[in-house]
Amino acid sequence: MTGITLIRPSLDWLPAYEHALARGWSPNTDQDVSGEQLLQLRRNPERFLHDLYNSPMVRLPDGREVARLPAHDFWITDGEFCGRIGFRFQRGTEDLPNTAFGHIGYTIVPWKQRRGYATQALRLILPLARQEGFSRVLITCDDDNEGSKKVILANGGQPAGTLPHATRPGHVKLSFWVPTA
């Protein structure tokens, strides 16, 4: 298994991110935002990168805008761009607003999947969650996403129930508590 590293999003890596978007990868697992992001990125790369992780609001799949939670966002690399992972939270509590399905979200570009990268990325971000005071984090995945379920379980995830799926009628989100130690 090849090792990966987590890097902060940067202008140096933006061409690799752009290439992934152009190949149809979406950093959002609930809706395809690749075309929209590609257009914004090509219009103004610096502003795109700033807004992607620093704007005070985020747009939900239903079009509503809500306040951005504090977060640590990373791009995943094995020497090439492989995906993204982020840890979002509210200081001083495990609770999340009902607009956030979990503390950690991740996605790997399709051409780098099934290499253990998501499992490694999750393992690498958990100590950061612990540094923020979390002994465990909530992670969700679609009920039919066996790959993500395996990633969560490989990192010690314990089932914590289900949530209605906001964008896929007839499906649910599986919830897991994952220890940060």
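Trainee: Is the crossing of H1 and H2 left-handed or right-handed?

Mentor: A crossing is called left-handed if the near helix is turned anticlockwise from the far one by less than a right angle, and right-handed if clockwise. Here, H1 and H2 cross in the left-handed way. Before we go on: this is a predicted model, so local features need pLDDT of at least 70 and side-chain atom pairs count only at pLDDT 80 or more, while totals for chains, interfaces and linings use all residues. Residues are numbered from 1 along each chain as its sequence is written, and side-chain values use heavy atoms, with hydrogens and water left out.

Trainee: At what angle do H1 and H2 pack?

Mentor: Helices (H or I, at least four residues) and strands (E, at least two) are DSSP runs, numbered from the N terminus. Axes are lines fitted to C-alpha atoms, for helices over the stretch in contact, and angles run from 0 to 180 degrees between N-to-C directions. H1 (residues 14-22) and H2 (residues 34-43) pack at about 145 degrees, and their axes are 9 Å apart. Contact means heavy atoms within 4.5 Å; among the residues making it are Tyr-17 and Leu-21 of H1, plus Leu-38 and Leu-41 of H2.

Trainee: Now the sheet. In what order do its strands come?

Mentor: In general, strands of a sheet pair through backbone hydrogen bonds, either parallel or antiparallel. Two strands count as paired if DSSP finds at least two bridges between them. Here the order is S7-S9-S8, in an open, antiparallel sheet of three strands. S7 (136-142) and S8 (158-164) are the edges, each with a single partner strand, so one side of each has no neighbour in the sheet. On average, neighbouring strands are turned by 30 degrees against each other, direction ignored.

Trainee: How many bridges join S7 to S9?

Mentor: Seven, with S9 spanning residues 172-179. Follow two pairs across: Val-137 faces Val-178, and Cys-141 has Leu-174 as its bridge partner.

Trainee: How many residues of S7 are buried?

Mentor: Buried means under 20% relative accessible area, exposed over 50%, partly exposed in between (1.4 Å probe, protein chains only). Six of the seven residues in S7 are buried.

Trainee: And which residues have the most contacts inside the largest nonpolar core?

Mentor: A nonpolar core is a set of buried Ala, Val, Leu, Ile, Met, Phe, Trp, Tyr and Cys residues joined through side-chain atoms within 4.5 Å. The largest one has 27 residues, and Ile-85, Ile-104 and Val-137 have the most contacts inside it. H4 gives the largest share, eight residues. Beyond its neighbours within four places in sequence, Val-137 touches residues including Phe-87, Ile-104, Leu-126 and Phe-176.
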